[in-house]
Each structure stands twice: as C-alpha cells, then as structure tokens.
Amino acid sequence: MRTTAEQYLRQLDAGRRPDLPETTAGTLRLDVRADGCTDHWYLTISDQHVTVTRSADDAELVVRADRSVVDQMVNGELHPGAALLRNELTVQGNIQLLMLLRRIFPGPAGARHPRELGRAALARRAPGRDAVATREARQ
C-alpha cells in the first residue's frame, strides 16, 4: 500500500533515528505542490531526532517538488539525488541536507543492508569449507 507524503510526515516519530549522523543538524522545508496549492513541511534535524511541523518559515534548505515526486521519495521509489538530477525537484540552500532525506524517508521495498547480505552469504557457506580454510590458515 502506497503512503502519501502527508501521511508519512504526519506520523513521523520524533524519536531517535540512529541512521542519521550524530553531528548533523539543520532545518529543511519541503514545499509540496499539488492542484495549484503548496503545502509546507518544516523539518528540524538535531541530535539524531527529526521534528516535523507545518510552517513556511525560512530554512537552511528549501526543497520544492510536485506531490507525486515527494510521494515516490516517501515510498522508496525515487532517490532525492536522482530527482534533483532529473530536475524533478529544485533546491535552495545547503544541498548537503538533501541527502538526509534518503535517511529520513524509507528505502525501497525489500531492500537490505549490504552487511546483512554478507552475513547471509557467510551463513550459507558449507561447514566443511570453513574447517578446511581454518586448517590451511593454521599451517
């Protein structure tokens, strides 16, 4: 089931987000256009926490995009950097904060961290091969 940007931002938990860098702080405003209107979402990022309010205040980074583009980012279907390169969104301000959106929004459905893939590959290795490799390493 697809989530809209509004649904996602309204339910976004202000709790700690360990996937955000500890030292990163800033303000980001999303200007989401649809049907001739613009919705403003103001995100404050500090100490691995994200606070969301509805405000058109100035921010360190302002991101402007159509609702369909933001909905795709929220659903992990579009990377913010790719959207920028395709001119599907515009930015004004500290562009480094744009890459935080990919950490705030969920990734693609079914995506796994590379370390998980490596651990799974190691777990599938035959036990006999491990014993041989260990013996060879000792010699």
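Against which elements do the buried residues of α2 pack? In this predicted model, the buried residues of α2 pack against α1, β1, β4, α3 (80-85) and β5. The sections below set this helix in the context of the fold.

## Overall architecture

The protein chain contains 6 helices and 5 strands. Read from the N terminus, the order of its elements is α-β-β-β-β-α-α-β-α-α-α. Of the 139 residues in the protein chain, 32% are buried.

Contacts were also considered between residues at least 6 apart in sequence; 64% of these join residues at least 24 apart. The protein chain has an accessible surface of about 8,800 Å², and carbon and sulfur atoms account for 49% of that area.

## The sheet

The 5 strands form an open sheet with mixed pairing, in the order β3-β2-β1-β4-β5. Its edges are β3 (49-53) and β5 (89-93), each of which pairs on one side only. From one strand to the next, the twist averages 20°.

Strand β1 (residues 26-34) pairs with β4 (residues 61-66) in the parallel sense, over 6 bridges. Within β4, R64 is the bridge partner of D31, and D66 stands opposite R33. The pairing of β1 with β2 is antiparallel and extends over 9 bridges. Here R29 has Y42 of β2 as its bridge partner, while G26 stands opposite I45 in β2. Strand β1 is largely enclosed by the rest of the structure, because 8 of its 9 residues are buried.

## The two hairpins

β1 and β2 form a hairpin with 2 residues between the strands, and D35 in this hairpin takes a positive phi near 55°. A hairpin is also formed by β2 and β3, again with 2 residues between them. In the turn of the β2 and β3 hairpin, D47 has a positive phi of about 50°.

The pairing of β2 with β3 is antiparallel and runs over 5 bridges. The bridge partner of L43 in β3 is V52.

## Helix α2 on the sheet

Helix α2 (residues 67-74) packs on the sheet, where it touches β1, β2 (37-46), β4 and β5. The direction of α2 makes about 105° with that of β4.

The buried residues of α2 are V69, V70, D71, M73 and V74. Their packing partners include the helices α1 and α3 as well as strands β1, β4 and β5. Just after α2, G76 takes a positive phi of about 75°.

L9 is found in helix α1. With a relative accessible area of 2%, L9 is buried. Leaving aside residues up to four places away in sequence, L9 touches L30, W41, V52 and F105. L9 and T51 are 42 residues apart in sequence, and their C-alpha atoms are 9.6 Å apart in space.

W41, one of the residues touched by L9, has the charged end of R54 over its ring, 4.1 Å from the ring centre. V52, which L9 also touches, is the bridge partner of L43 in β3.

## The aromatic pair

The model has 1 aromatic pair. Y8 and F105 form this pair in an edge-to-face arrangement, with 5.7 Å centre to centre and 75° between the planes. Y8 lies in helix α1 (residues 5-11) and F105 in the loop between α4 (98-104) and α5 (114-124), so the pair ties together parts that are 97 residues apart in sequence.

Notes: Residues numbered from 1 in each chain as written. Predicted model: local features only at pLDDT ≥ 70, side-chain atom pairs only at ≥ 80, totals over all residues. Heavy atoms only, no water. Phe/Tyr/Trp six-rings, centres within 6.5 Å; stacked < 30°, edge-to-face > 60°. Helix = DSSP H or I, 4+ residues; strand = E, 2+ residues; numbered from the N terminus. Lys NZ or Arg CZ within 6 Å of the ring centre and 35° of its normal. Buried < 20%, exposed > 50% of the residue type's maximum accessible area, 1.4 Å probe, protein only. Contact = heavy atoms within 4.5 Å. Areas by Shrake-Rupley, 256 points an atom, 1.4 Å probe, with all protein chains shown as cover. Pairing = 2+ DSSP bridges. Axes fitted to C-alpha atoms, helices over the stretch in contact; angles between N-to-C directions.
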